Amino acid sequence: YNTAAAGTATFDNVPITGLSAGGSQGPRTAANLGTPTVSGSNSLSGSVYTVTGAGDNMEGTTDQGYFTWWPVTNSADCTITARVLTQTNTNALATAGVMIREVTTNTAARAYMAATPSSGFEWHTRSASAASDAKVSLTVGAPLWLRLQRSAEFVSVYQSSNGTAWSQVGTTQALAMGTEVEAG
């Protein structure tokens with residue numbers, strides 16, 4: 001949520017699970033979404049992912065920022081979980097979290113659960129390519145763990161303070177996604 005300054009977040013415990021029979025997960029890759037003026041980067045040290053990016057955020061009809069992902073093919077189901085360890089404060093509304101996208105274009109259908117530096121948590125959905133983004137702000141507690149669980153065309157959103165006990169924080173949303181998705 002800052003086009004002039006890159007923010008950095010660190011994550012760990014980032015598995016992709018729950019794939020349908022015959023589904024597969026490709027190798028992790030990364031790129032800018034949209035055309036941010038500051039290019040992003042990522043690294044992996046042990047089990048800690050460091051992601052740095054800038055842009056005007058992942059909301060509205062287009063996304064702009066940096067994304068690292070694993071392509072998931074031939075699966076209508078998948079779950080991505082992550083623990084947000086740190087996040088720099090380039091803006092109170094800057095986001096760091098987990099996302100399931102239809103494809104890597106910046107207008108893709110997607111669901112996104114994110115932490116912000118100082119305004120709680122946000123759950124975003126875009127039901128179809130280039131559609132308006134729907135956002136729910138969550139000011140409950142301070143969970144460090146985020147999870148999105150896709151089952152066919154529905155994505156359920158969860159949070160946890162310990163990675164063991166999970167609370168669903170919203171209703172599932174219908175998304176226009178095919179069998180190829182990006183989880184990251």
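Leu 148 touches Cys 78, Thr 79, Ile 80, Val 98, Met 99, Ile 100, Ala 111, Tyr 112, Met 113, Val 155, Ser 156 and Val 157, leaving out residues up to four places away in sequence, where contact means heavy atoms within 4.5 Å. The model is predicted, so that local features need pLDDT of at least 70 and side-chain atom pairs count only at pLDDT 80 or more, while totals for chains, interfaces and linings use all residues. Residues are numbered from 1 along each chain as its sequence is written, and side-chain values use heavy atoms, with hydrogens and water left out.

**Nonpolar cores**
- The largest nonpolar core has 28 residues, and those with the most contacts inside it are Phe 11, Val 14, Ile 80, Val 98, Met 113 and Leu 148; such a core is a set of buried Ala, Val, Leu, Ile, Met, Phe, Trp, Tyr and Cys residues joined through side-chain atoms within 4.5 Å.
- Strand β9 (residues 77-87) gives the largest share of this core, 4 residues.
- A second, separate core of 7 residues includes Met 58, Trp 69, Met 99 and Ala 114.

**Overall form**
- The protein chain has 0 helices and 18 strands, these being DSSP runs numbered from the N terminus (helices H or I, at least four residues; strands E, at least two).
- The radius of gyration of the protein chain is 15 Å, close to the 16 Å that the globule rule gives for 184 residues, so the chain is as compact as a globular protein of that length; the radius is taken over C-alpha atoms, and the rule is 2.2 Å times the number of residues to the power 0.38.
- Of the 184 residues, 43% count as buried, which is to say under 20% relative accessible area, with exposed over 50% and partly exposed in between (1.4 Å probe, protein chains only).
- Residues 24 or more positions apart account for 63% of the contacts with a separation of 6 or more.

**Ala 115**
- Ala 115 lies in strand β11 (residues 110-115) and, at 6% relative accessibility, counts as buried.
- Apart from residues up to four places away in sequence, Ala 115 touches Gln 87, Ala 94, Thr 95, Ala 96, Gly 120, Phe 121 and Leu 146.

**Ser 20**
- Ser 20 is found in the loop between β2 (16-17) and β3 (24-25), and beyond its neighbours within four places in sequence it is in contact with Asn 74, Ser 75, Ala 76 and Asp 77.
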